[in-house]
Each structure stands twice: as structure tokens, then as C-alpha cells.
Amino acid sequence: MNKHRMLLWLLLAGALLLGLHFLLHRTLLRLPRCTSNVQLHGRTAVVTDEEPGPTAPAHRPILGPGVLSHATKTKPVELKNGSNTGIGKATAKELAQRGARVILACRDQRRAQAAVQEITMETGTQQVIFMHLDLASLKSVRCFAETFLRTESRLDLLINNAGLAKDGRTEDSFGMIFGVNHLGHFLLTVLLLDRLKASGSGRVVTVASKGYELGKIDFECLTTHRDLAQGTSGFQVFMKYCDSKLCNVLFTYELARRLQGSGVCCYSLHPGAIKTDIGRYSSFWWQLVIKPVVFLFFVDAESGAQTTLHCALEQGMEHLSGHYFSQCAPLLDVQAKARDAAVAKKLWELSERFCGLSP
């Protein structure tokens with residue numbers, strides 16, 4: 001009898017959770033949608049994946065920042081990062097539906113090809129292709145840029161969406177989160193800027209996070225350890241992720257200053273609390289705590305792509321270049337540390353040295 005009663009209570013609790021989940025997602029958690037009706041026929045989008053290569057061992061020798069490495073048709077191009085899963089794939093699909101040529105720039109060819117097939121089947125377009133890019137390798141970023149510039153005649157949109165929350169080291173011995181979330185995107189953007197300028201009205205959209213509010217930039221740690229912070233616990237990894245999101249916002253702020261008068265605009269954004277696999281490398285106990293929260297309060301990837309799409313497509317936003325967006329609208333009350341011109345400039349210059357772009 002007690003077992004039956006317990007089962008009944010469990011079923012009732014499950015039903016209440018499902019009901020609460022449905023109610024929340026139909027009311028409080030419902031995010032605004034991109035309302036732009038802009039079509040992208042003749043344009044191209046490149047989408048990169050946040051899945052890095054194997055973690056470099058901690059004892060790997062550090063390469064000098066000046067070490068350079070050697071390093072796709074004629075439609076306007078849009079670059080989109082993190083395209084084979086989550087927000088990236090949802091964004092790529094919408095861009096394809098609007099007529100864009102979409103290039104999925106990912107490390108994992110198998111997953112990327114699966115995404116290509118899915119988007120092709122759902123949209124009916126044949127203008128979705130895969131190009132290899134590993135943001136955890138500056139060599140790979142350079143190779144991608146060289147291939148892209150050789151094979152694609154123009155670039156209209158660069159959407160830096162990729163992000164991860166995984167500790168470790170990149171191929172170049174930078175902290176993995178710093179290397180993928182910021183430095184890889186920084187180099188990719190700089191290498192493609194001339195092609196963006198040539199389009200006359202290019203845009204750079206960088207997916208950041210509200211987590212920037214918890215972030216900080218420790219230049220001493222970056223210079224000494226080539227990482228945003230030290231420590232490998234779940235909480236410390238999360239804080240590094242927040243630091244990297246502050247890097248994204250500051251990068252956009254400084255990029256806008258440097259692009260004044262060029263015709264190219266840039267925006268950073270918070271996509272919302274989204275159900276993606278960004279935390280798939282987290283420990284079992286961390287996931288045990290966070291998964292119920294994600295189930296109840298996080299929304300799907302399609303909803304999470306809406307602010308990205310708004311920043312990429314909405315017309316008449318040139319005067320908002322450099323701003324941070326949330327829920328398809330600019331936020332004018334961002335924290336002072338996200339608009340610190342001196343810190344943004346210093347981060348840019350350090351990133352240039354790390355990428356071998358300056359002495």
C-alpha cells in the first residue's frame with residue numbers, strides 16, 4: 001500500500017513539474033522573436049563549432065606569441081560560429097531559410113555534415129556547406145581564413161557564436177576557455193575584416209552572456225599564465241567562462257571604435273538561458289545540480305537564436321554599433337566594466353600579441 005502511495009506521489013510530483021515547466025515557458029520565460037523580414041539571397045554564412053580538439057597537456061611548452069603558421073563561392077558571406085549544435089544550428093537554419101549561403105565552420109566533420117544534411121532537408125537549399133575550423137588552434141583559424149578568402153568573394157555577416165566551458169589548454173597553450181571563446185574569435189575577425197569592409201555594410205555579431213557581469217580581466221594572470229584565472233574546480237571553470245564573456249563584450253566595444261566610418265557594425269549579445277550542450281564537460285555532481293534547473297528554467301535553442309538574428313538582420317541599427325543586446329533590444333545600462341575603453345584597448349593589444357599580429 002505504501003509503495004502504491006509513494007508511486008502516486010511521484011507521478012503527481014512529475015505532473016506538477018511538467019505543468020510548471022509548460023506554464024513558465026509559455027509566460028515568464030517566453031523570449032521575444034526577431035521580427036526582421038530581411039531576405040539573404042546571394043549572401044553566405046560561415047558557422048564555427050565550439051567543440052575543441054584534444055586538450056593539450058599542462059606540461060606542453062608554451063609557444064611564443066609571434067609564432068605564425070601556414071595556413072570557399074561568389075555570394076555575400078555570413079560567418080556563424082557554433083553551427084552544428086544548439087544556437088549555432090538554429091541560427092544557421094534560419095539564415096539558410098532566408099536564402100543565405102551558409103558555411104558551417106566546425107572542427108567535427110561528422111557532426112557538421114549531419115547538421116548540413118538536416119538543414120538542407122528542412123530548408124530545401126543546397127547552399128549549406130562544411131569548412132573545417134578549430135578555434136582551439138590559431139593555426140587552424142589562419143588556415144580557415146586563408147581558404148575562405150581564397151574561395152569566397154565577399155563577406156557580409158560574421159557571427160561569432162562558438163563558446164565552451166571546459167578547462168584545459170589549447171594547441172597554443174592558452175587556457176581553453178580564453179582561447180576558444182575569445183582569442184580564436186578575435187583572430188578570425190581580424191583576418192576577415194577587410195573582406196567585411198569590402199561588402200559595404202558588413203556586421204560582426206558576437207554571442208556573449210549575462211555572465212559577463214560576474215567576469216573580470218586579470219591581465220597579470222593572462223600575461224603570466226596565458227589564462228583568465230587559475231584553478232580547475234567546477235566553480236572556477238564557470239568563473240573563467242564569465243571572464244571570457246566579458247572579453248566578448250569588451251572586444252565588441254573596441255572593435256566598434258576601430259571600425260568607425262568603415263560601414264561595418266558590430267554587436268554583442270546575451271542569448272538568454274538556453275538549453276545547449278555547452279556544459280557537457282562539467283563534472284557529474286555539477287550536472288546533477290544544474291540539470292533540473294536547466295529543465296525548468298532554460299529555453300530551447302531556436303528561442304536562443306532570436307537576439308543573434310535580430311543583431312544580424314534588423315535594419316537601421318548602425319548607430320548602435322558596439323552595443324550589447326538582450327531579448328532583441330540594446331541594453332543601455334550595461335556595467336561600467338563592459339564599457340571601459342582603457343581595458344578594452346589593452347585586451348585588444350594583448351590579443352594582437354598573443355596572435356602574433358604585433359611585436
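Residues are numbered from 1 along each chain as its sequence is written, and side-chain values use heavy atoms, with hydrogens and water left out. Because the model is predicted, local features need pLDDT of at least 70 and side-chain atom pairs count only at pLDDT 80 or more, while totals for chains, interfaces and linings use all residues.

Helices (H or I, at least four residues) and strands (E, at least two) are DSSP runs, numbered from the N terminus. A residue is termed buried under 20% relative accessible area, exposed over 50% and partly exposed in between (1.4 Å probe, protein chains only). Strand 1, spanning residues 44–48, is largely enclosed by the rest of the structure, because 5 of its 5 residues are buried. Thr44, Val46 and Thr48 point one way from strand 1, whereas Ala45 and Val47 point the other way, and all are buried. Strand 1 pairs with strand 3 (residues 101–106) in the parallel sense over 5 bridges; two strands pair if DSSP finds at least two bridges between them. Within this pairing, Val46 stands opposite Ile103 of strand 3. Helix 10 (residues 306–313) is likewise mostly covered, with 8 of its 8 residues buried. The buried residues of helix 10 include Gln306, His310 and Cys311.

Aromatic side chains were examined next. A pair of aromatic rings is described by the distance of the centres and the angle of the planes. Rings of Phe, Tyr and Trp (its six-membered ring) pair if their centres lie within 6.5 Å; planes under 30 degrees apart count as stacked, over 60 as edge-to-face and the rest as tilted. By this rule the count comes to 9 aromatic pairs. In one of them, Tyr212 and Tyr324 have ring centres 5.1 Å apart and planes at 70 degrees, so the pair is edge-to-face. Tyr212 lies in the loop between strand 6 (203–207) and helix 6 (219–225) and Tyr324 in strand 8 (residues 324–326), so the pair ties together parts that are 112 residues apart in sequence. Tyr212 counts as buried at 1% relative accessibility, and Tyr324 is buried with a relative accessible area of 3%. Elsewhere, ring pairs link Phe174, Phe178 and Phe354 into a cluster. The charged end of Arg226 sits over the ring of Phe174, 4.0 Å from its centre; this description requires NZ of Lys or CZ of Arg within 6 Å of the ring centre and within 35 degrees of the ring normal.

Side chains of opposite charge can pair when their charged atoms come close. A salt bridge is a side-chain nitrogen of Lys or Arg within 4 Å of a carboxyl oxygen of Asp or Glu, and the structure holds 12 salt bridges. Lys93 and Glu122 meet in one of them, at 2.6 Å from N to O. This pair links distant parts of the chain, with Lys93 in helix 2 (residues 86–97) and Glu122 in helix 3 (residues 109–123), 29 residues apart. Lys93 counts as partly exposed at 28% relative accessibility, as does Glu122 at 42%. Another salt bridge joins the side chains of Arg98 and Glu94 (2.8 Å, N to O). Here Arg98 counts as buried at 8% relative accessibility, whereas Glu94, at 23%, counts as partly exposed. A further salt bridge is formed by Arg258 and Glu254 (2.7 Å, N to O). Being 4 residues apart in helix 7, Arg258 and Glu254 are separated by about one helical turn. Arg258 counts as partly exposed at 35% relative accessibility, and Glu254 as buried at 1%.

Some charged residues are buried without a salt bridge. Lys and Arg count as positive and Asp and Glu as negative; His and the chain ends are not counted. Arg195, located in helix 5 (residues 176–198), is buried yet has no salt bridge, and the nearest side chain of opposite charge, Glu152, is 7.3 Å away. Leaving aside neighbours within four places in sequence, Arg195 is in contact with residues including Phe148, Glu152 and Arg154, where contact means heavy atoms within 4.5 Å. Asp243 lies in helix 7 (residues 234–258). Asp243 is also buried and has no salt bridge, with Lys216, the nearest side chain of opposite charge, 4.0 Å away. Leaving aside neighbours within four places in sequence, the contacts of Asp243 are Leu214, Gly215, Lys216, Ile217, Leu228 and Ala229.
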